[in-house]
Amino acid sequence: MEPSNQSNDGHLNLGRLVNRPPSGWLDEPTLVSATASTPTTTAFHLTVKEGPNVGATAVVDDGSCPIFAGTSEVCALALTDHQASRRHVRFEVHNGQLRVSDVGSTNGTFVNGIRTVEAFLTGGETVRVGATVISVIRALNAATTPLPLETSFGSFIGASVAIRRLYPLCKKLVDAQVPLVIEGETGTGKEALAEAIHRAGPRADKPFVVFDCASVPPSLLEGALFGHEQGAYAGANLSRPGIFEEADGGTLFIDEIGDLDPGLQLRLLRAIQSSEVRRIGGHRWQKVDVRIIVATRRDLDVEVAEGRFRDDLFFRLAVGRLALPPLRERPEDIELLARHFWSTNAATDGRPFPEDVLGRLRSYAWPGNVRELSNTMTRLATYGELATSEDGELFIRRSSSAPPPPNAVDFLDDVVTQNLTFASARDRVMFEFERRYMLHLDRTHGDERARSAASGVSDRYLRTLRVRGRVKEARKELEDRHA
Ligand SMILES: Nc1ncnc2c1ncn2[C@@H]1O[C@H](COP(=O)(O)OP(=O)(O)OP(=O)(O)O)[C@@H](O)[C@H]1O
């Protein structure tokens, strides 16, 4: 019988993938050849041997997200043991071993009888949570999973093992049309991947609406999500639809979902459950047909375990789950992406790629991930030389032959007339804006609290903007320009 994609909790068994390839895989060549490697999967079988759920099983392998055992319905190994916590213990494969971590349970986790906060297992052990004993068996004939040869999924580019392993799951997610959680640091491409999944599916010609929870003041979030009627509150002079209505028929991408407060999490849950929304001040419930994809830079497992994120909402959303690795963990993608950005976003006049920068690009840690790489290529094409500062930061040194900086209108005209995609053009403008805004804020306000008050932006979001805009690099560039 063919294995079913549908589990008995209504979730799809999509082989939840994470980014962590076993060590050694990163040595693969950047471009995939016809003899793409076929790495094997390390897998562990977990079987409940004692307790109320005898016989329950789960498998965790190095192609899956961490799984949990506990009494919450969210857990892959769901227990009815009253001595177990809702999310009691976490299992994940790490460097060929099974990492077992107690996630703050009330009664503790015991490996071979010894109370343990974290342990690395090789198979053959038992893990006890409450009255439940789970045996850990390493799979002897771990499956050999051929990697796809593709180096992109639609407009999403990536040839590293870690990224190629995501493509089959992405294909399933296109067809499945289920809610999806994408995790990853800022700039790793969560929105880019969400859009690629949207564009590959049946909603492609319907709206792809992006909403960033962290960029909207908390007091305006509810109205932004669900809309408001005229007169609903002071200043609501006109009725406005919320983003759910705007995305009707298409996909709603909600960024930084971990920033929603509990009240709004509940409203969001109800909207998703009923596919209906009601504007603030309105009386009418309106049906909406929206595919939800959410993203977060936080570890939602931790957010749920620590009670900051509702586990029923998480359960609704995390039907599909993808984690995008930071760029430093997939250095094989740097060259491919750099060449892509050079030819599509940066040197649109057909100038050849500057091969001499490759070494520098490859050895840099890219804290701002793919966004930083994209911006670096753009500014390299505009200003000239790539250099490394004493503390290892990459920055662009403005060469003497570089054209003078354009004024704002010229800059906008320049961006909009370069035949870039809408997303690339918007990114380029936003990058310049955010960077300059942050620089000005830094210069005019002494500390983070004052900057936050003056800008009306939370200090956490200011930090995100700082990583995005690489303010340090910008300052160096401005200093160079005025030297
Ligand atoms: N794999 C990729 N292929 C092509 N472009 C990419 C890829 N990853 C990221 N990008 C580009 O890098 C920039 C940043 O990506 P994106 O906005 O998707 O990141 P993010 O993870 O959603 O960031 P944030 O968490 O800050 O919102 C965008 O211009 C995007 O198009």
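A polar contact, as I use the term in this notebook, is a pair of N or O atoms within 3.5 Å. I keep in mind throughout that the model I am reading is predicted.

Entry: For Gly187, I found a polar backbone atom 2.9 Å from a ligand oxygen, and for Ala192 a backbone N or O atom at 2.8 Å from an oxygen atom of the ligand. I then looked up the area, and I wrote down that the ligand taken alone exposes 620 Å², of which the protein buries 93%.

**Entry: the shell.** Which elements give two or more residues to the shell around the ligand? I listed β13 (156-157), α3 (190-199), α9 (332-346) and α11 (369-383), and I marked α3 as the source of the largest share, three residues. In total I noted 18 residues surrounding the ligand, the closest being Ile157, Thr186, Lys190, Asp255 and Asp427. Sorted by class, the shell holds six nonpolar, five polar and seven charged residues.

**Entry: two helices.** I turned to helix α4 (residues 218-226) and helix α6 (residues 262-274), which pack at an angle of about 10° with their axes 11 Å apart. Because angles under 35 degrees count as roughly parallel, I recorded α4 and α6 as roughly parallel to each other. In their contact, Leu221, Glu222, Leu225 and Phe226 of α4 meet Leu264, Arg267, Leu268 and Ala271 of α6. I classed the residues of this contact as six nonpolar, no polar and two charged.

Technical notes: Residues are numbered from 1 along each chain as its sequence is written. This is a predicted model: local features need pLDDT of at least 70, side-chain atom pairs count only at pLDDT 80 or more; totals for chains, interfaces and linings use all residues. Side-chain values use heavy atoms; hydrogens and water are left out. Axes are lines fitted to C-alpha atoms, for helices over the stretch in contact, and angles run from 0 to 180 degrees between N-to-C directions. Helices (H or I, at least four residues) and strands (E, at least two) are DSSP runs, numbered from the N terminus. Angles under 35 degrees count as roughly parallel, over 145 as roughly antiparallel, 65 to 115 as roughly perpendicular and the rest as oblique. Contact means heavy atoms within 4.5 Å. Ala, Val, Leu, Ile, Met, Phe, Trp, Tyr, Cys and Pro count as nonpolar, Asp, Glu, Lys and Arg as charged, and the others, Gly among them, as polar. A residue is near a molecule or strand if one of its heavy atoms lies within 4 Å of it. A polar contact is a pair of N or O atoms within 3.5 Å; within protein, one must be able to donate a hydrogen and the other to accept it, and residues adjacent in sequence count only if both atoms are side-chain atoms. Accessible areas come from the Shrake-Rupley method with a 1.4 Å probe; for residues, only the protein chains shown count as cover.
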